[in-house]
Amino acid sequence: MNTPIVQLLVLAGIAIFLILRLRSVLGTRDGFEKPPVPAPGKREEAKREFEVIEGGPDRDIIDHVPEGSDAAEALAKMKRAEPSFNVGEFLSGARGAYEMILMGFDNGEIEDLKPFLSNEIYETFAQVIQARADQGLTIEAEFVGVREMTLADASFDDDSKLAEITVKYVGELTSVVKNAEGEIVEGSATAVKRQKDVWTYARNMGSDDPNWQLVATDE
């Protein structure tokens, strides 16, 4: 076989390889297809939507408090002080904290809750638990769930970087109070009751300690 024929076969083989390679990457099309052209106005509309998202209100904030409110401004300051802060994630943690702290208090087991309670709240809880014990009373409680939870208020101190967030809860649980003889003196083991609580958590934004502490309780 002479040299020109060999060269022709090699070139043909390279061409076939390139065609198959392009098809595997780009796919195939039938006929001549022009690239899609955005309808008039759609390109500008998409651009405007992008601009609104980029420069508009922070949904992570206004999904929970009114836009322009003092609470919204406080939450925005928290984010500026600590960019990793997320309101939605905070509320998710506050939901879990509610069950953990409430059940710890009812069961008289708050030692492990110290990192999540201010000194004042811890001492108050300890006094109530001791008073129950002195009367020979015990509580048997079972947490059912959080029926409602809303961010009620927020504040931020520019100087100390102290952030406070108030959360309203409506929890559902069963609870019975028993005396020293094991007799039920209050509540029901089967009837689910609703409990309303307003708790305020605090933390210095930007600190190494990631824990928010419960600093106030109300109903």
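This is a predicted model: local features need pLDDT of at least 70, side-chain atom pairs count only at pLDDT 80 or more; totals for chains, interfaces and linings use all residues.
Biologist: How many helices and strands does the protein chain have?

Modeller: Helices (H or I, at least four residues) and strands (E, at least two) are DSSP runs, numbered from the N terminus. Here the protein chain has 6 helices and 4 strands. Read from the N terminus, the order of elements is α-α-α-α-α-α-β-β-β-β.

Biologist: In what order do the strands lie in the sheet?

Modeller: Two strands pair if DSSP finds at least two bridges between them. In this model the 4 strands make an open sheet with the order 1-2-3-4 and antiparallel pairing. Strand 1 (138-156) and strand 4 are at the edges and have a single partner strand each, so one side of each has no neighbour in the sheet. On average, neighbouring strands are turned by 30° against each other, direction ignored.

Biologist: How many bridges join the strands, and which residues face each other?

Modeller: Strand 1 and strand 2 run antiparallel and are joined by 16 bridges; E148 has V170 in strand 2 as its bridge partner. Strand 2 and strand 3 are also antiparallel, with 16 bridges, and E172 stands opposite R194 in strand 3. Strand 3 pairs with strand 4 over 5 bridges in the antiparallel sense, where Y201 has the bridge partner L214 in strand 4.

Biologist: Which residues in the hairpin turns have a positive phi?

Modeller: The hairpin of strand 1 and strand 2 has 5 residues between the strands, and K161 in the turn has a positive phi of about 65°. In the hairpin of strand 2 and strand 3, also with 5 residues between the strands, G182 has a positive phi near 85°.

Biologist: How do helix 5 and helix 6 cross?

Modeller: Two packed helices are described by the angle between their axes and the distance between the axes. Axes are lines fitted to C-alpha atoms, for helices over the stretch in contact, and angles run from 0 to 180 degrees between N-to-C directions. The axes of helix 5 and helix 6 come within 10 Å and cross at roughly 35°. Contact means heavy atoms within 4.5 Å. I101, F105 and D106 of helix 5 make the contact with F125, V128, I129 and R132 of helix 6.

Biologist: Which helices lie against the sheet?

Modeller: Helix 4 (residues 70-81) lies across strand 1 and strand 2, at about 90° to strand 1. Helix 6 packs on the sheet and touches strand 1 and strand 4, its direction making about 60° with that of strand 4.

Biologist: What is the volume of the largest pocket, and what lines it?

Modeller: Rolling a probe the size of a water molecule over the atoms shows where empty space is left. On a 1 Å grid over the protein atoms alone, a pocket is an open set of points where a 1.4 Å probe fits, with protein on both sides within 12 Å along at least five of seven lines; lining residues have an atom within 4 Å of a point. Grid points are joined across faces, edges and corners, and a volume is the space filled by probe spheres set on the points. The largest pocket has a volume of about 530 Å³. Its lining has 26 residues, and L102, F105, D106, Q195 and E219 are the closest to the centre. Strand 3 gives the most to this lining, with 10 residues.

Biologist: Which residues lie nearest the centre of the second largest pocket?

Modeller: They are F90, G93, P210, N211 and W212, from a lining of 17 residues. The volume of this second largest pocket is about 350 Å³. Helix 5 gives the largest share of the lining, 7 residues.

Biologist: Where is N211 found?

Modeller: N211 is in the loop between strand 3 and strand 4. N211 is partly exposed, with a relative accessible area of 26%. Leaving aside neighbours within four places in sequence, N211 is in contact with P115, F116 and R203.

Conventions. Residues are numbered from 1 along each chain as its sequence is written. Side-chain values use heavy atoms; hydrogens and water are left out. Buried means under 20% relative accessible area, exposed over 50%, partly exposed in between (1.4 Å probe, protein chains only).
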